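Subject: Handover of a structure

Hello,

Please find the structure below, followed by notes on what was found in it. The notes can be read with the structure open alongside.

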Amino acid sequence: MKTQSAINTYLKETGGWVASQLEACTRCGICAEACHFYQALGNPEYAPIWKLEPLRRAYEQRFTIAGKLKLALGLEKKLTDADLEHWSKIVYEACTVCNKCAHVCPMGIELGPLIHEVRAGMAAAGVVPGDLAEATEKQRTVGSPLGVTDEMWRERIDWISDEWEVDIPVDKAGAESLMVFTSIELMKFPDNLAAIAKILNQAGENWTVSSTGREVVNFGYFEADEELTKLFMYRVFKAAEDLGVKKIIISECGHAYDAFRWTAHNIMKVPAGVKIVHITEYIHELWKTGRIKLKEGAFDAEIITFHDSCKIQRRGGIIRQPREILKLLAPTRFKEMTPNKEQSMCCGGGGGVISIKEADANRYAVFEMKLEQMQDIQAQAVCMVCSNCRLQFVDSLAHFNSTIKVHGLAEMVAKALV
Amino acid sequence: MNWTEILTFSRGPLLHVALMIFIVGMSYRLVRVLLLGWERDRVPNKGSKIWGVILNYLKGLVVLPFIPWVRRTFRNNALTFIAGGLFHLSLFLVLAFGTAHILVWKSLCGISWKSLPTPVVAFFSATGIISLIVLLINRLTHPVLKMLTKLPVWINWVMVFLPMVTGFIMARHLWFRYEVIFSLHLISVSLLLIWIPLGRISHFLFYFFSKTIHGAQAGKRAIMP
């Protein structure tokens, strides 16, 4: 029964876009070396193409002569519940959907989005790791995967406002921009939230946060449950419509940016005339247009590097902007890790991995490679524009007893405002 | 049936039937995929999709084959890249510029062109065969490839290896009588043509889909594919 739900989802999702790419694979195995989980742990089953097995089997057995033949000759079996349980661990606990593999595939197969489709089948079958499912359920019922209720949210916003002495407009009618934060920032990195508020205020932005569209993180998107993905985005779009804003600014969260900017228009109605931007590109715009001024060399005291987040840089294209800002803030001390930009290695905690306790060993193993990349350039600090990455960095650096400091870009910009 | 008759059969009806199966089979594969439907992409672009596609093809066809070490994955897959690259290059050169193959193209399409010197073709056909053997050894030993390789992939290898090796023997006039080795070459080519629509050798067609999709996705997001 479970399996049938998954198969139905796979068949529903399999249009020419999916099929043509599944057909293009030559089984060369090169994608394995691009996967940080395979590199770190050496498990052949972590090869990205192997993660597509449930989708491939469902597709071939239904739509291709070769697939039907293999089934008839007993060369391949139908998917079973046990298969789903097996691959669920692989696609949720050893994949951040970072899509690095697509950049090394000689055929250019978009493995990341295809693995997302595999997850969609798992979500339909209810074969999702317990921790992830629990957080998703909290977001559905309470409004936040961390369980932040409306009252807690309001108290926390007031507290940040008082503590950092910054004005945070709530539900302001007539605002131009709706700023949507993550619960991670609200609860774990309030400095980042305060920093963004400070930057927007300094720029004279007519902005607001919303008490109804208050969570930008999308655990439905991590699970790849399309209905929940839409529901969580709908809350924000509804708030944007009610407030009549012209712009939604996505906070420092990679998956949220991917969902709102690159997915929403294809799966649901996005309010007309509402632009979706990431806070990093917006800060860059504010700086370039002279609406904020930054102190040159404000962070030039220590070697600082930039971590490219999979969804904001490789999948989002915001590669140049944070670098331009960092080169202003740390003109002589900014150093690139290798590899970087589109080819960078993911932090290991994205795609919901960090929320799954059982995947801790996996993400620490991946992070060890990231740590080596930072140590290779003697980095004393690292900056990033994704709270999920930041959570992984803070937790993993502590795990490895490293003294490298972690900054959100907004937090650095706020400190450098003149 | 003697070898002369076998040759007549294999260069006539067998090859023609195989060619028909190949064309019909591949057309079916293509139409099947096209008919599964293509949803319109309504997401606003950040960069140019077309430019991304052009860049991706340039990178894949002009840049990376000649300086593969710029890929970071090259280091850990050197064997696959070099042997795979040489195999494809050899296959293309021998098929397109071998004297005997040019005659086949002429009979099929009516046009012909200048062939490469025989020693060059011989060198590349040997290179192609050696590359294929290296790829087989790699497939037998690499943990990921061992796991990914099921019966159809082994059949792919045999189906490609046989025409190459029989072609090489025939062109070098080794060991066999002409009509024997020519028949074996044609039979193996026919088997390959019949097999292609069933297996993953058909990637040469779907390459254009995945490569275009990847380029468009990168272009849309304003990143380097």
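Helix 5 of chain B (residues 118-141) has 24 residues, which should span 34 Å at 1.5 Å a residue; the end C-alpha atoms are 35 Å apart, so the two values agree. The expected span here is 1.5 Å times one less than the number of residues in the helix. Helices (H or I, at least four residues) and strands (E, at least two) are DSSP runs, numbered from the N terminus.

Before the rest, two notes on conventions. Residues are numbered from 1 along each chain as its sequence is written, while chains are lettered from A and ligands numbered from 1 in the order in which they are written. The model is predicted: local features need pLDDT of at least 70, side-chain atom pairs count only at pLDDT 80 or more, and totals for chains, interfaces and linings use all residues.

Chain B

Which residues of helix 5 of chain B are buried? They are V121(B), F124(B), S125(B), G128(B), S131(B), L132(B), L135(B) and R139(B). A residue is called buried if 20 or more other C-beta atoms lie within 10 Å of its own, exposed if 12 or fewer, and partly exposed in between, with C-beta atoms placed from the backbone. An α-helix has 3.6 residues a turn, so residues three or four places apart point the same way. The buried residues of helix 5 of chain B pack against helix 3, helix 6 and helix 7 of chain B.

Chain B as a whole has 9 helices and 0 strands, and its pattern along the sequence is α-α-α-α-α-α-α-α-α. Its C-alpha atoms fill a box of roughly 65 × 40 × 40 Å along the principal axes. Of the 225 residues in chain B, 32% are buried. Among contacts in chain B with a separation of 6 or more, 76% are between residues 24 or more positions apart. Two residues are in contact if their C-beta atoms, placed from the backbone, lie within 7 Å.

Where the chains meet

The contact between the chains takes 43 residues from chain A and 49 residues from chain B. On the chain B side, helix 1 (3-35), helix 3 (78-97), helix 6 (143-148), helix 7 (151-171) and helix 9 (203-220) each supply at least two residues. Helix 9 of chain B gives the most, with 10 residues. By class, the side of chain B that touches chain A has 21 nonpolar, 17 polar and 11 charged residues. Ala, Val, Leu, Ile, Met, Phe, Trp, Tyr, Cys and Pro count as nonpolar, Asp, Glu, Lys and Arg as charged, and the others, Gly among them, as polar.

From chain A, N266(A) touches E39(B), D41(B), R42(B) and V43(B), not counting residues up to four places away in sequence. N266(A) lies in helix 17 (residues 264-267) of chain A. N266(A) is exposed, with 12 other C-beta atoms within 10 Å.

Chain A

Chain A is divided into domain 1 (2-127), domain 2 (141-288) and domain 3 (304-415); the bounds come from an automatic or database domain assignment. The centres of domain 2 and domain 3 of chain A, taken over C-alpha atoms, are 22 Å apart. Their contact takes 27 residues from domain 2 of chain A and 27 residues from domain 3 of chain A. The side of domain 2 of chain A that touches domain 3 of chain A has 12 nonpolar, 7 polar and 8 charged residues.

Two open sheets are described next. One has 4 strands of chain A in the order 2-1-3-4, with parallel pairing. Strand 2 (207-208) and strand 4 (275-278) of chain A are at its edges with a single partner strand each, so one side of each has no neighbour in the sheet. Strands pair if DSSP finds at least two bridges between them. Strand 1 (residues 177-180) and strand 3 (residues 247-250) of chain A pair in the parallel sense over 4 bridges, and S177(A) stands opposite K247(A).

Another open sheet of 4 strands in chain A has the order 6-5-7-8, again with parallel pairing. T305(A) has K335(A) as bridge partner in strand 6 of chain A and V382(A) as bridge partner in strand 7 of chain A. Strand 7 (residues 381-384) and strand 8 (residues 405-408) of chain A pair in the parallel sense over 4 bridges; C383(A) stands opposite H407(A).

Regards
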